[in-house]
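Good morning, and thank you for making the time. I should like to take you through one structure, element by element, beginning with a helix.

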Amino acid sequence: MDIDTELERKFCRFDGELTVAEGTKIEGYASFFGACDQGGDVVQKGAYAQSLKRLKTEARSVKMLWQHDPAQPIGIWDEVREDGRGLYVKGRLLDSVEKGREAAALIEAGAIDGLSIGYRTVKATKNTKGQRLLTELELWEVSLVTFPMLPSARVGAKGESLERDALRDLAAAIEDARQSMAQDRR
């Protein structure tokens with residue numbers, strides 16, 4: 001068993017998976033099972049089960065943060081669950097919080113389209129490809145973020161333009177370069 005004491009983060013961006021309704025209601029997948037991210041990690045089905053059970057037993061909830069900043073909660077996750085695809089979240093951006101209003105506007109405009117999980121690894125193994133298989137995670141928070149870890153998946157918005165697609169491709173290329181530079185430093 002590999003126990004890591006530092007909080008880790010996994011980013012996802014989705015094609016039509018993250019939606020905002022009525023300006024404040026938000027839902028989508030914060031994590032997909034079996035998908036290898038740019039860091040070489042693959043979340044396995046059931047990885048969140050123990051953590052979600054423990055949170056429920058202790059009457060605690062997964063926090064909704066802005067860009068992983070614990071000083072900037074922007075809403076409430078009303079539902080966080082595993083299903084056959086991954087970690088599904090549904091909640092409300094708080095329009096009484098400035099960053100909550102900003103987040104809703106940015107999502108609607110297509111400027112923000114990512115979700116990211118903050119967690120601690122409880123159990124993980126490596127496969128023959130060198131990927132880390134995450135089998136048990138302690139989930140702390142799900143954030144709305146600018147640069148997700150899976151650049152090939154993204155949120156689609158009504159009336160999405162070619163310019164927005166080009167900007168997303170540029171953002172993905174920048175994130176790929178950042179990841180490559182971080183790997184080179186190791």
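Let me begin with helix H2, residues 98–109: at 1.5 Å a residue its twelve residues should span 16 Å, and its end C-alpha atoms are 17 Å apart, which agrees. The expected span here is 1.5 Å times one less than the number of residues in the helix. Helices (H or I, at least four residues) and strands (E, at least two) are DSSP runs, numbered from the N terminus.

Before I continue, the basis of the values: this is a predicted model, in which local features need pLDDT of at least 70 and side-chain atom pairs count only at pLDDT 80 or more, while totals for chains, interfaces and linings use all residues. Residues are numbered from 1 along each chain as its sequence is written, and side-chain values use heavy atoms, with hydrogens and water left out.

Which residues of H2 are buried? They are Gly100, Ala103, Ala104 and Ile107. Seen down the axis of H2, the buried residues fall within an arc of 100°, so they line one face of the helix. The arc is that of the directions from the helix axis to the C-beta atoms. As for the term itself, buried means under 20% relative accessible area, exposed means over 50%, and partly exposed lies in between, with a 1.4 Å probe and protein chains only. Just after H2, glycine 110 takes a positive phi of about 90°.

Helix H1 can be described in the same terms. Its buried residues are Ser51, Leu52 and Leu55. Viewed down the axis of H1, these buried residues fall within an arc of 95°, so they line one face of the helix. The face turned away from the buried side of H1 carries the exposed residues Lys53, Lys56 and Thr57.

I turn now to the strands, and to E9 in particular. Eleven of the 14 residues of E9, residues 132–145, are buried, so this strand is largely enclosed by the rest of the structure. Two strands pair if DSSP finds at least two bridges between them. Which way does strand E8 run relative to E9, parallel or antiparallel? Twelve bridges join E8, residues 114–126, to E9, and the two run antiparallel. Within that pairing, tyrosine 119 stands opposite leucine 139 in E9. The hairpin of E8 and E9 has five residues between the strands, and there glycine 130 takes a positive phi near 85°.

E8 also contains isoleucine 117, which is buried with a relative accessible area of 0%. Isoleucine 117 and lysine 63 are 54 residues apart in sequence and 9.9 Å apart in space, C-alpha to C-alpha.

Parallel partners of E9 come next. Strand E5, residues 63–66, runs parallel to E9 and is joined to it by four bridges; methionine 64 has valine 142 as its bridge partner in E9. Strand E4, residues 41–43, is also parallel to E9, with three bridges. Here aspartate 41 stands opposite arginine 132 in E9. At 15% relative accessibility, arginine 132 counts as buried.

Strand E3 is mostly covered, with six of its eight residues buried. E3 pairs with strand E7, residues 86–93, in the antiparallel sense over seven bridges. Phenylalanine 32 has glycine 86 as its bridge partner in E7.

Finally, the aromatic residues. Rings of Phe, Tyr and Trp (its six-membered ring) pair if their centres lie within 6.5 Å; planes under 30 degrees apart count as stacked, over 60 as edge-to-face and the rest as tilted. By this rule the count comes to three aromatic pairs. Tyrosine 29 and phenylalanine 32 form a stacked pair, 5.3 Å centre to centre with 20° between the planes. Phenylalanine 33 and tyrosine 48 form a tilted pair, at 6.3 Å and 35°. Phenylalanine 33 lies in the loop between E3 and E4 and tyrosine 48 in the loop between E4 and H1, so the pair ties together parts that are 15 residues apart in sequence. Tyrosine 48 is buried, with a relative accessible area of 0%. Ring pairs also link Tyr29, Phe32 and Tyr88 into a cluster.
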